[in-house]
Amino acid sequence: MSFFGFGTTADIDVVLDGSQTRKYVEHKTEDGRKEKYPLYYDGETVAGKVSVSLSKAGSKLEHQGIKIEFIGQIELYYDRGNHHEFISLVKELARPGVLTQSTSFDFEFINVEKPYESYTGANVKLRYFLRVTIVRRLTDITKEMDIVVHTLSTYPEVNNSLKMEVGIEDCLHIEFEYNKQKYHLKDVIVGKIYFLLVRIKIKHMELAIIKRETTGTGPNIYNENETVAKYEIMDGAPVRGESIPIRLFLAGYDLTPTMRDINKKFSVRYYLNLVLVDEEERRYFKQQEIVLWRKADRVRTGGQADESTAWGRDYQA
């Protein structure tokens, strides 16, 4: 029921163009669940239809205008009162008036720049969404619809191998080498570990991928570390001169591209963490940053774009 124009007297529905054929991807929500959302890329048009249905036959809806917005927004969980918008586009669907029947409106945001990847983390969320607003004197009627944006890259021109050493003077000397430093999200980390000197009793060794999310600035920087992958390299004592191969497949893990200083609000970086444990439960580790990127290696002719298309920008380390 509605008194003096107060209360919801209409339902809003948004249908995107090509929604039947568009790719949908799983994306983590703030509460840790995964839901499917329509997938878009940088430079791709966002278009569709907004339907406003009056909740009661024969009723009417007086409004001060109907609009749709396309918004790109960063929300820091410790500062929920402030939403940092880096995209804000508005289209007017209807001027002030009265709706006497259910009505549909077409909308189109052409070649929209979407510079960052959608992201939901421990302390920050970057989202893109459409918001329809029926403006009223007392209470607006609104409807939001989220989409997911993936940022694609091309193969990095320079991708050197990664070499590191772990050493304790006169006790342990290990060299490990990975085939490269920059990996796409479906890639395989290939490497080898060489034991040059072993005078302590190592009982376990593993390789982990650590995601480090950084939010805030200056003295208020906060780092949140999460172990997203673990790979057991060996169980038992190695001997001098032994080498152990590494093959870690990334496709099975929940990873995003590396994000650096996104809109001066947050960063997401990834590190390879090599951990050794001796028989006295002492831990030795070495950490090295790697760069992750979302692959775009071919162009489809016509039809719906997917993650193999070259919508994306040139790779940036």
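**Exercise 1. The largest pocket**

Determine the volume of the largest pocket in this predicted model, and state which residues lie nearest its centre.

*Solution.* 
1. The volume of the largest pocket comes to about 600 Å³.
2. Its lining consists of 24 residues. Those nearest the centre are Glu 26, Lys 34, Asp 254, Leu 255 and Arg 294.
3. Two or more lining residues come from each of the elements β2 (24–28), β10 (119–120) and β18 (222–235).
4. The element that gives the most is β2, with four residues.
5. By residue class, the lining of this pocket holds eleven charged, eight nonpolar and five polar residues.

**Exercise 2. The protein as a whole**

*Solution.* 

**Exercise 3. Strand β6 and its partners**

Explain why strand β6 (residues 66–76) is described as largely enclosed by the rest of the structure, and identify the strands with which β6 pairs.

*Solution.* 
1. Strand β6 has eleven residues, and ten of them are buried; the strand is therefore largely enclosed by the rest of the structure.
2. One partner of β6 is strand β7 (residues 83–94), which runs antiparallel to it and is joined to it by ten bridges.
3. The two strands β6 and β7 make a hairpin, with six residues between them. Within this pairing, Phe 70 stands opposite Leu 89 of β7.
4. Another partner is strand β11 (residues 124–134), also antiparallel to β6, with eleven bridges between the two. Here Gln 73 has Arg 127 of β11 as its bridge partner.

**Exercise 4. The setting of His 184**

Decide whether His 184 is buried or exposed, and name the residues it touches beyond four places away in sequence.

*Solution.* 
1. His 184 belongs to strand β15, which spans residues 182–184.
2. The relative accessible area of His 184 is 11%. The cut-off for a buried residue is under 20%.
3. Because its value is 11%, His 184 is classed as buried.
4. Leaving out residues up to four places away in sequence, His 184 touches Leu 250, Trp 293 and Lys 295.

Key. Residues are numbered from 1 along each chain as its sequence is written. This is a predicted model: local features need pLDDT of at least 70, side-chain atom pairs count only at pLDDT 80 or more; totals for chains, interfaces and linings use all residues. Side-chain values use heavy atoms; hydrogens and water are left out. On a 1 Å grid over the protein atoms alone, a cavity is a set of points where a 1.4 Å probe fits but cannot get out, and a pocket is an open set with protein on both sides within 12 Å along at least five of seven lines; lining residues have an atom within 4 Å of a point. Grid points are joined across faces, edges and corners, and a volume is the space filled by probe spheres set on the points. Ala, Val, Leu, Ile, Met, Phe, Trp, Tyr, Cys and Pro count as nonpolar, Asp, Glu, Lys and Arg as charged, and the others, Gly among them, as polar. Buried means under 20% relative accessible area, exposed over 50%, partly exposed in between (1.4 Å probe, protein chains only). Contact means heavy atoms within 4.5 Å. Two strands pair if DSSP finds at least two bridges between them.
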